[in-house]
Amino acid sequence: MTGRSKVLMWTGIGLCVAGAAGLVVGGVLDVDATDPWASVAGGAAGLVGLALTIYALFSGASGAPHASVTASGARSVAAGGSIGAVATGDGVQAVAPPTTVPDSAPPSGGRPVTASAERSVAAGGDIGSVSTGDA
């Protein structure tokens with residue numbers, strides 16, 4: 001989790017705690033007076049939450065940390081994103097996947113992607129088609 005993500009998360013948590021505390025205090029003091037404040041607080045919290053979500057969605061995609069990608073086994077393949085088609089065996093060809101794999105896969109969230117055994121295949125995104133055997 002990046003520093004910006006932590007700030008957004010703690011801001012959201014702080015708003016939720018402040019709103020809950022305000023509603024509890026208002027409910028204890030005067031229930032009739034709490035109703036309009038609850039409506040305003042709920043609407044404001046919804047708009048702030050929507051704004052934080054949109055900001056995190058569009059700004060977090062480009063700044064996301066890349067995963068550690070390692071392929072150490074014989075004929076192994078590892079990719080941080082999606083893999084369309086892979087063939088690691090002798091005399092086989094990669095077959096086009098049955099569905100279209102997106103051009104840009106979402107990052108694997110910083111998790112390591114490792115293919116360490118012989119002919120293993122690992123991806124941080126989708127895998128369309130894999131053939132690891134010999135013809």
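1. Let's start with the helices and strands. The protein has 2 helices and 6 strands, and along the sequence they run α-α-β-β-β-β-β-β. Here helices (H or I, at least four residues) and strands (E, at least two) are DSSP runs, numbered from the N terminus.

2. A quick word on what you're looking at. This is a predicted model, where local features need pLDDT of at least 70, side-chain atom pairs count only at pLDDT 80 or more, and totals for chains, interfaces and linings use all residues. Residues are numbered from 1 along each chain as its sequence is written, and side-chain values use heavy atoms, with hydrogens and water left out.

3. Next, burial and surface. Of the protein's 135 residues, 16% count as buried; that label means under 20% relative accessible area, while exposed is over 50% and partly exposed is in between (1.4 Å probe, protein chains only). The accessible surface is about 8800 Å², and 64% of that belongs to carbon and sulfur atoms. Those areas come from the Shrake-Rupley method with a 1.4 Å probe; for residues, only the protein chains shown count as cover.

4. Now the contacts (heavy atoms within 4.5 Å). Take those between residues at least 6 apart in sequence: 69% of them join residues at least 24 apart.

5. Have a look at the second largest pocket, which holds about 230 Å³ of space. A pocket, on a 1 Å grid over the protein atoms alone, is an open set of points where a 1.4 Å probe fits, with protein on both sides within 12 Å along at least five of seven lines; lining residues have an atom within 4 Å of a point. Grid points are joined across faces, edges and corners, and the volume is the space filled by probe spheres set on the points.

6. Who lines this pocket? There are 14 lining residues, and Leu 15, Cys 16, Gly 19, Ala 41 and Ala 45 lie nearest its centre. The elements giving two or more residues to the lining are α1 (3–29) and α2 (31–60), with α2 giving the most, 8 residues. By class, the lining has 10 nonpolar, 4 polar and no charged residues.

7. Finally, two arginines to check. Most residues other than glycine have a negative phi, yet Arg 75 has a positive one, near 60 degrees. Arg 75 sits in the loop between β1 (69–71) and β2 (77–79), and counts as partly exposed because its relative accessibility is 36%. Arg 119 also has a phi near 60 degrees, in the loop between β4 (113–115) and β5 (121–123). Arg 119 is at 18% relative accessibility, so it counts as buried.

Terms used. Ala, Val, Leu, Ile, Met, Phe, Trp, Tyr, Cys and Pro count as nonpolar, Asp, Glu, Lys and Arg as charged, and the others, Gly among them, as polar.
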